[in-house]
Amino acid sequence: MKTSLRADRSNLTKKGRWLRSFHSLAMTQSIVLFSAYFFLFTLSSCSLLGLHVKVQNPKHANKYPKFSESTKLLGNENTKYRNCFDVTYYNLFVMVNEENKSLKGAVEIYATTLSDFDTLQIDLYENMKIISIISEEGKELSYTRKHGAIFVAIKEKANAKFSLAVDYEGSPLVAAKPPWKGGFVWSKDKEKNPWIGVACETEGASLWWPCKDVNNDEPDSVTINITVKKDLVAVCNGHLIGKTSNGMFDTYRWFVSYPINLYDVTLYVGKFKLLADSLEMPSGKTLSINHYVLPINYEKAKTHLAQAKDFLVFYEKTFGEYPWYKDGYKLVESPYEGMEHQSAIAYGAGYKNSYNGFDYIILHESAHEWWGNSVSASDFSDVWLQEGFATYAEALYVESTEGKNAYLNYLLVYRLFIANKYPVVGPAGYRYFDYRNSDCYQKGAWVLHTFRTQISDDKIFFDILKSFQEKYAKKTVTSQNFIDMVNEKTGEDYEWFFKQYLYERKTPILEYYWDGTDFYYHWKNVDPTFKMSAELMLDNLVKVNLKPTVKVQKIAVSSLTYKEISFNNYTKLFGIEKNKRLRKISPTP
Ligand SMILES: [Zn+2]
């Protein structure tokens with residue numbers, strides 16, 4: 001999903017303060033915010049912005065919430081009741097009743113056993129009622145419930161296959177602020193027709209259907225059968241394999257041919273009109289495109305959504321083959337801004353382009369087909385692998401169409417939002433992803449940008465992205481998997497770099513002092529192993545490549561030759577602070 005942009009007020013120094021006024025006008029409305037940037041960027045896409053961004057390193061870390069028992073039960077804290085089986089397939093049936101905002105459904109869960117067990121855990125929110133749980137042999141299974149966890153009594157031996165069916169019903173959680181605070185959205189379109197959707201990335205799929213609700217066990221495929229009133233259309237992930245009518249109702253059957261994150265499994269119900277298209281991709285394959293939009297917006301959508309093609313072509317060239325050829329690609333008009341639902345991306349951003357002339361919701365969510373949907377973080381602690389990569393993908397697209405300066409400007413605006421209140425990588429084992437902490441987005445993107453500058457070899461950098469994508473396509477990953485790929489491709493150990501930027505909270509500070517004869521410098525806020533290079537500019541003309549460490553070093557810079565020293569905000573993520581005391585610390589030779 002796309003972050004709701006909020007800049008920390010104190011992040012901006014004088015030059016950026018006028019920009020801040022736009023932020024306060026549009027605290028949560030990122031679209032409005034970006035319209036404000038529009039004119040700024042049209043003025044300056046050929047040159048660098050000249051914003052001075054002060055690094056914000058709060059003295060104290062923000063505290064994580066106290067995780068409740070129900071959060072722990074829902075988290076990835078792999079208990080033996082979940083580790084003992086691997087789900088291979090879900091067959092989901094849901095009847096949507098828009099009048100009383102309820103669901104009636106059933107799910108068949110097919111799995112392989114990984115060890116002997118007599119109990120397993122599946123999940124369904126407490127407010128949803130279980131009617132029955134039936135074994136493959138047709139026996140009713142007993143179970144106990146603890147918050148959202150359901151402990152089912154079922155005895156199986158290792159290396160076997162089994163299935164069970166759960167019948168359930170209820171009124172699912174209603175979304176407070178979709179997609180960030182998720183749940184069901186029971187909306188109406190302008191013509192008063194039902195317009196329904198669900199977003200549950202942070203809450204989990206078990207808010208509306210029973211499943212093993214963890215990010216590290218994706219089924220190999222899923223069938224989603226949605227029954228709705230006859231004049232409505234139900235759209236889900238994957239491709240449509242059938243539609244059957246039964247009196248007043250129609251059932252739409254969608255098949256997802258690939259592994260899928262459970263929070264990506266979704267439905268949209270509305271009076272949609274199909275906007276079919278296709279695209280010849282760089283791989284030589286033909287991608288089928290099947291957008292579903294409200295009829296009132298059909299003509300607008302025809303023109304506006306076509307831009308997705310440019311994004312898909314660019315991403316395939318940059319990251320590797322589009323992951324879901326069998327299922328195709330579609331944007332579905334949603335009653336909320338956007339969400340990366342695999343092969344059925346939610347689009348509700350109003351058919352407007354933001355600055356730079358494109359719709360950044362489509363650009364961002366489409367990047368998630370590679371980063372998030374295909375390569376998925378196995379735990380939300382590593383969600384920067386999805387959000388940071390997708391945010392960075394936006395900047396790469398800008399670079400490809402408008403050049404390096406536009407790329408740097410795009411990233412510099414995102415830099416305003418870096419808050420450093422928590423490390424990028426969060427606490428593992430809980431289903432915890434707080435949309436208000438957006439460092440996994442903007443700082444995540446800056447980690448990649450900084451790393452790219454540090455290695456200063458685009459061939460290796462893009463090979464890393466492609467190879468990581470290829471190796472872990474349709475799989476779940478950790479940050480360590482990425483670091484290992486970096487080390488393998490560079491032939492160097494970059495643990496020191498990622499340790500600082502992912503696991504430490506603060507942004508490094510280059511402390512310096514210039515007394516007119518010598519220039520003193522060192523890294524502050526870093527681990528002793530940190531050894532990133534930094535660029536010093538003399539009279540905006542001469543570049544000096546510094547190799548700072550935690551220890552103070554000095555070089556001779558005479559004020560008789562140079563009048564001015566400077567650093568830039570564009571190349572790497574670090575702050576700059578002047579410290580007179582460095583002169584008194586004996587520099588290392
Ligand atoms: Zn996102």
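**Entry 1: helix 9**

I began with helix 9, where I found Ala406, Tyr407, Asn409, Tyr410, Leu411, Leu412, Val413, Tyr414 and Arg415 buried, a word I use when 20 or more other C-beta atoms, placed from the backbone, lie within 10 Å of the residue's own, with exposed meaning 12 or fewer and partly exposed anything in between. Before going on I noted that this is a predicted model, in which local features need pLDDT of at least 70 and side-chain atom pairs count only at pLDDT 80 or more, while totals for chains, interfaces and linings use all residues. Residues are numbered from 1 along each chain as its sequence is written.

Nine of the twelve residues of helix 9 are buried, so the helix is largely enclosed by the rest of the structure. I also looked up the length of helix 9 (residues 404-415), which reaches 16 Å from its first C-alpha to its last, close to the 16 Å expected at 1.5 Å a residue; the expected span is 1.5 Å times one less than the number of residues. Helices here are DSSP runs of H or I with at least four residues, and strands are runs of E with at least two, numbered from the N terminus.

**Entry 2: the core and the domains**

Next I looked up the domain assignment, which gives domain 1 (77-271) and domain 2 (509-584), with bounds that come from an automatic or database assignment. The C-alpha centres of domain 1 and domain 2 lie 56 Å apart.

Of its 156 residues, Ala205, Ile226, Ala234, Leu267, Val332, Leu385 and Ala393 touch the most other members. Helix 8 (residues 384-402) gives the most to this core, with ten residues. Domain 1 and domain 2 both give residues to this core, so the core lies between them.

For Ala205 I listed the contacts, leaving out residues up to four places away in sequence, and found Cys200, Cys211, Asp213, Leu262, Tyr263 and Val265; a contact means that the C-beta atoms, placed from the backbone, lie within 7 Å.

I looked up an open sheet of four strands, whose order is 8-9-14-11 with antiparallel pairing, where two strands pair if DSSP finds at least two bridges between them. Strand 8 (183-188) and strand 11 (233-236) stand at the edges with a single partner strand each, so one side of each has no neighbour in the sheet. Strand 11 pairs with strand 14 (residues 267-270) in the antiparallel sense over four bridges, and Val235 stands opposite Tyr268 in strand 14.

Elsewhere, I found strand 7 (residues 161-170) joined by ten bridges to strand 2 (residues 102-113), the two running antiparallel, with Lys161 in strand 7 as the bridge partner of Thr112. Strand 7 also pairs in the antiparallel sense with strand 4 (residues 129-135) over six bridges, and there Leu164 in strand 7 is the bridge partner of Ser135.

**Entry 3: backbone details in loops**

I noted a cis peptide bond between Pro178 and Pro179, with omega about 0°, and I placed Pro179 in the loop between strand 7 and strand 8. Lys101 has a positive phi of about 55° although it is not a glycine, and Lys101 lies in the loop between strand 1 (85-97) and strand 2. Lys101 is partly exposed, with 13 other C-beta atoms within 10 Å.

Key. A nonpolar core is a set of buried Ala, Val, Leu, Ile, Met, Phe, Trp, Tyr and Cys residues joined through C-beta atoms within 7 Å. Two residues are in contact if their C-beta atoms, placed from the backbone, lie within 7 Å.
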